[in-house]
Amino acid sequence: MVIGLVICTGEAVMAYRIVLGPRAARKAVHLLLHLLSLGFAAVGLYAAVKFHRDAGLPDIHSLHSWLGIATIGLYALQWLVAFVYFVFPGAMMTMRADYAPWHIFFGIVIFLMAVCTAETGLAKYIFPGNDYPSEAFVINFLGISIFVFGVTVVLAVILPSRY
């Protein structure tokens, strides 16, 4: 899930701004990385549901699961609407121009939702009491790395392209 919804999505968002080449190439890389991200999300969601079923655990009981379901649902909706507006040949240029700022805004929001979902997933591994195994350092480092990556992606999107 982190590879798909955080890494691939972050790369897709940045690819549209920083990939060198014609607009069509940037658009294709952006679209394909998002499609790859959806594939990773589908496999991850299947694995999570299967794990919960096999272990007899309840579904959709934590903030992590609620954010995850909302993120995947909004991500798929954003991809579908963007495909209709920007790839489908019937959309008028005025419609594309009107939707573009909203696509960017909701894209950033959904990406940040994915970052928050990853962070809440890591928070499930917090170890109670004084027992603080060495794995906790790896989890904390991963949490900080995900946060820094998220900030970097948002910075790449909002800064003017001359930087």
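What follows walks through the fold, the core and the surface of a predicted model. Local features need pLDDT of at least 70 and side-chain atom pairs count only at pLDDT 80 or more, while totals for chains, interfaces and linings use all residues. Numbering runs from 1 along each chain as its sequence is written, and side-chain values use heavy atoms, with hydrogens and water left out.

The fold is quick to sketch: 5 helices and 0 strands, in the order α-α-α-α-α along the sequence. Helices here are DSSP runs of H or I with at least four residues, strands are runs of E with at least two, and both are numbered from the N terminus. Along the principal axes, the C-alpha atoms fill a box of roughly 60 × 35 × 20 Å. Of the contacts (heavy atoms within 4.5 Å) between residues at least 6 apart in sequence, 69% join residues at least 24 apart.

Of the chain's 163 residues, 31% are buried, where buried means under 20% relative accessible area, exposed means over 50% and partly exposed is in between (1.4 Å probe, protein chains only). The largest nonpolar core takes in 22 residues; such a core is a set of buried Ala, Val, Leu, Ile, Met, Phe, Trp, Tyr and Cys residues joined through side-chain atoms within 4.5 Å. Helices H1 (2-18), H2 (23-55), H3 (63-87), H4 (93-123) and H5 (135-158) each give two or more residues to this core, and H4 has the largest share, with 7. Leu5, Val6, Phe111, Ile146, Phe149 and Val153 have the most contacts inside the core. Leaving aside residues up to four places away in sequence, Val153 touches Gly10, Val13, Met14 and Phe111. In H1, the buried residues include Leu5, Val6, Gly10, Val13 and Met14, and the buried residues of this helix pack against H2, H3, H4 and H5.

Met1, Leu45, Val49, Ile60, Trp66 and Ile69 make up a nonpolar surface patch of about 550 Å² accessible area, with H2 and H3 each giving two or more residues. Val49 sits in H2 and counts as partly exposed because its relative accessibility is 36%.

An unreviewed UniProt entry lists residues 31-51, 63-88, 100-125 and 137-159 as "transmembrane region"; such annotations may be inferred rather than shown by experiment. In the model, residues 63-88 are 96% helix, with end C-alpha atoms 36 Å apart, and residues 100-125 are 92% helix, with ends 39 Å apart.

Definitions and conventions: Patch = residues over 30% accessible without salt bridge, like charges linked within 9 Å, V, L, I, M, F, W, Y side chains within 5 Å. Areas by Shrake-Rupley, 256 points an atom, 1.4 Å probe, with all protein chains shown as cover. Salt bridge = Lys/Arg side-chain N within 4 Å of Asp/Glu carboxyl O.
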